[in-house]
Amino acid sequence: MVARLASGDATVTDLAEPYDVTVQAVSKHLRVLEDAGLVSRSRDAQRRPVHLEAEVFDLMTKWIERYRRLAEERYRKLDAVLETMSENEKEKSK
Amino acid sequence: MTTNTQHETEIIVDPDVPLVRIIREFDAPPEKVFKAHTDPDILKLWNGPDGYETEFETFDCRTGGSWRYKSSGEDWEGWFRGSFHEIRPNTVIIQTFNYEDIPDGVALERIEFEDLGDGRTRLTSTSLVDSYEGRDAFLASGMEVGVIEGYNRLDGILAAG
């Protein structure tokens, strides 16, 4: 649910739909998240979108960017390795 | 911020499916990029983060084969293993990926090698897991303890609900 909210605000119905759970069950979870200060929404209206608080969103963004950076770090090493492979092949074809 | 090169890695975190996709282009033809993934002597030169060495115990790179390696750095070491489900030369590698300390956390990986012509390749690596929690654990792997603890707390809060 947190992952779904990280990609954008959603209504309670939106949140319940992909899972085999009732709107009531989702509402119950949301109350817990709301009490913890992780999400915010209008108190009485079920149709109002649920908004993930910046702190949680930032955490996801941080994880994603770090994962991307690690991949880039690996691939820069691969760039260097590929260059060496090219040189070796040129050597061979001489 | 990271330095901007022409080939900077792109990442896609799908909102509807627990997968992470990374895309990167290389100035080498698919044959060469594929070889760098399937020859353990070459793979160990670039596999893993900076400061970590890869030591293969098994690397049977064929459809139905398997792999296992130890990754070790200054203050950490761990074992990783998986199965090669499909190896199609210069085109695709489909394999599983698992950190042995979390045996249930198995990712299904699809690595595609796309020929861009002019001796260039686009590499698309997709990791699919079976839950959003699993995906987040995957994204956060190796993160400083504080962050993982934070997420565990969030799990606790959700479970209490």
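## A pair of strands

In chain B, Thr54(B) stands opposite Ser71(B), a residue of strand E4(B). E4 covers residues 66–72 of chain B, and 6 bridges join it to E3(B). The two strands run antiparallel. Strands (E, at least two residues) and helices (H or I, at least four) are DSSP runs, numbered from the N terminus. Two strands pair if DSSP finds at least two bridges between them.

## About the model

This is a predicted model: local features need a pLDDT of at least 70, side-chain atom pairs count only at pLDDT 80 or more, and totals for chains, interfaces and linings use all residues. Residues are numbered from 1 along each chain as its sequence is written, while chains are lettered from A and ligands numbered from 1 in the order in which they are written.

The predictor gives the complex an ipTM of 0.80 and a pTM of 0.72. pLDDT is the predictor's confidence in each residue, from 0 to 100. Chain B has a mean pLDDT of 85, and 83% of its residues reach 70 or more. Residues 1–5 of chain B stay under 50, and the model has 3 contacts for them beyond four places in sequence. Residues 144–148 of chain B are also below 50, with 4 contacts beyond near neighbours in sequence. Two residues are in contact if their C-beta atoms, placed from the backbone, lie within 7 Å. Where pLDDT is low, the predicted coordinates should not be read in detail.

## The two chains

Chain A has 4 helices and 2 strands. From the N terminus on, its elements run α-α-α-β-β-α. Chain A has 94 residues, and 22% of them count as buried. A residue is buried if 20 or more other C-beta atoms lie within 10 Å of its own, exposed if 12 or fewer, and partly exposed in between; the C-beta atoms are placed from the backbone.

Chain B has 4 helices and 8 strands. Along its sequence the pattern is β-β-α-α-β-β-β-β-β-β-α-α. Of its 161 residues, 19% count as buried.

Now take the contacts with a separation of 6 or more. In chain A, residues 24 or more positions apart account for 38% of them. In chain B, the share is 30%.

## The sheet of chain B

In what order do the strands of the open sheet lie? The order in chain B is E1-E2-E8-E7-E6-E5-E4-E3, with antiparallel pairing. The edge strands are E1 and E3 (53–59), and each pairs on one side only. From one strand to the next, the twist averages 20°. Helix H1(B) packs on this sheet. H1(B) touches E2, E6 (92–99), E7 (106–117) and E8 of chain B, and its direction makes about 155° with that of E7(B). Axes are lines fitted to C-alpha atoms, for helices over the stretch in contact, and angles run from 0 to 180 degrees between N-to-C directions.

Strands of a sheet pair through backbone hydrogen bonds, either parallel or antiparallel. Look at E2(B), which covers residues 19–26. A hairpin joins E1(B) to E2(B) through 5 residues. E1 (residues 10–13) and E2 of chain B pair in the antiparallel sense over 4 bridges. Here Ile12(B) stands opposite Arg21(B), and Ile11(B) has Ile22(B) as its bridge partner. E2(B) also pairs with E8 (residues 120–128) of chain B, antiparallel over 8 bridges. In that pairing, Ile22(B) stands opposite Ser125(B).

E2(B) has two faces. Val20(B), Ile22(B), Arg24(B) and Phe26(B) form the covered face. Leu19(B), Arg21(B), Ile23(B) and Glu25(B) form the uncovered one.

## A core from both chains

The largest nonpolar core has 12 residues, among them Tyr75(A), Leu78(A), Phe26(B), Phe34(B) and Leu123(B). Such a core is a set of buried Ala, Val, Leu, Ile, Met, Phe, Trp, Tyr and Cys residues joined through C-beta atoms within 7 Å. Which helices each supply at least two residues of this core? They are H4 (54–93) of chain A and H1 (30–38) of chain B. H4(A) gives the most, with 4 residues.

Val81(A) belongs to this core. Residues up to four places away in sequence aside, Val81(A) touches Ala36(B), Ile42(B), Leu45(B) and Trp46(B).

## Two loop residues with positive phi

Most residues other than glycine have a negative phi. Asn90(B) has a positive phi of about 60° although it is not a glycine. Asn90(B) is found in the loop between E5 (77–88) and E6 of chain B. Asn90(B) is partly exposed, because 15 other C-beta atoms lie within 10 Å.

Asp118(B) has a positive phi too, near 50°. Its place is in the loop between E7 and E8 of chain B. Is Asp118(B) buried or exposed? Asp118(B) is exposed, because 7 other C-beta atoms lie within 10 Å.
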